[in-house]
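Me: I have a structure open and would like to go through it step by step. Could you help me read it?

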Amino acid sequence: MLANDLLTLRQQIERFTPLSDDEWHMLTPHVRVETIQKHQFFAEAGKQANEVALVLEGSFRHFYTTDGDEKTTYFYFEGHFISAYMSCITQTPSRLTIEALSPARYIVFPYTILSALFEKSITWQKFGRLIGEYIALGLEDRMVGLLTQSPEDRYLALLKSSKKKILDRIPQHYVANYLGITPVSLSRIRSRIMRRDDV
């Protein structure tokens, strides 16, 4: 494992709360770096998840499957934590799948270790609370967009947001799926916006 990978993990955790060296070393014996190929799964619907990871290189998508129809709800890039977190917490089969959209590297540790750290350290407990709040805010933002915005408004919001890298790095058919529309509809929306911008 590269020292830079550990440093990256510590920096991303410390975006939520600072750690003392002693607190940091509670986690480090349990982390490892893994690689994954394009279209392999980090988490899979129907299987219990038990790990949390930080993306070091590459991209992933998070989707649900209903009657064979995939519904993409999130994308992950470098510096993002990934997990089928609800499955980890409840110890039940995951309802979501997390798929690599490119060859990728990530640094990973068992959720059971993280959960144990919540009991051992107030700082780690704070990290757990803040990451839970972060997930909840992301879910609500996504739900509000789907329920209150038109597909075109959702696309425009994506263009103006910090998530614009989705448009730069993710294939268009997955972006359309994320927006809840067909690739043809997305092409029409993009054409309308470009025509308006040219006026």
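Me: To start, what is the handedness of the crossing where α6 passes α8?
Reply: α6 passes α8 in a right-handed crossing; a crossing is right-handed if the near helix is turned clockwise from the far one by less than a right angle, and left-handed if anticlockwise. Helices here are DSSP runs (H or I, at least four residues), as strands are (E, at least two), numbered from the N terminus.

Me: And what kind of model is this?
Reply: This is a predicted model, in which local features need pLDDT of at least 70 and side-chain atom pairs count only at pLDDT 80 or more, while totals for chains, interfaces and linings use all residues. Residues are numbered from 1 along each chain as its sequence is written, and side-chain values use heavy atoms, with hydrogens and water left out.

Me: Back to the helices: at what angle do the axes of α6 and α8 cross?
Reply: The axes of α6 (residues 151-160) and α8 (residues 172-179) cross at roughly 115° and come within 10 Å. Axes are lines fitted to C-alpha atoms over the stretch in contact, and angles run from 0 to 180 degrees between N-to-C directions.

Me: Which residues meet there?
Reply: R154, Y155 and L158 in α6 meet V175, Y178 and L179 in α8, where contact means heavy atoms within 4.5 Å. These residues divide into 5 nonpolar, no polar and 1 charged. Ala, Val, Leu, Ile, Met, Phe, Trp, Tyr, Cys and Pro count as nonpolar, Asp, Glu, Lys and Arg as charged, and the others, Gly among them, as polar.

Me: New topic: how buried is β3?
Reply: Strand β3 (residues 51-57) is mostly covered, as 5 of its 7 residues are buried. Buried means under 20% relative accessible area, exposed over 50%, and partly exposed in between (1.4 Å probe, protein chains only).

Me: Which strands pair with it?
Reply: β3 pairs in the antiparallel sense with β8 (residues 104-110) over 6 bridges, and with β6 (residues 81-82) over 2 bridges. Strands pair if DSSP finds at least two bridges between them. L54 has I107 in β8 as its bridge partner, and A53 has I82 in β6.

Me: Lastly, why is E34 called partly exposed?
Reply: E34 is called partly exposed because its relative accessible area is 27%. E34 is found in strand β1 (residues 32-36). Not counting residues up to four places away in sequence, E34 touches A104, R105, Y106 and V108.
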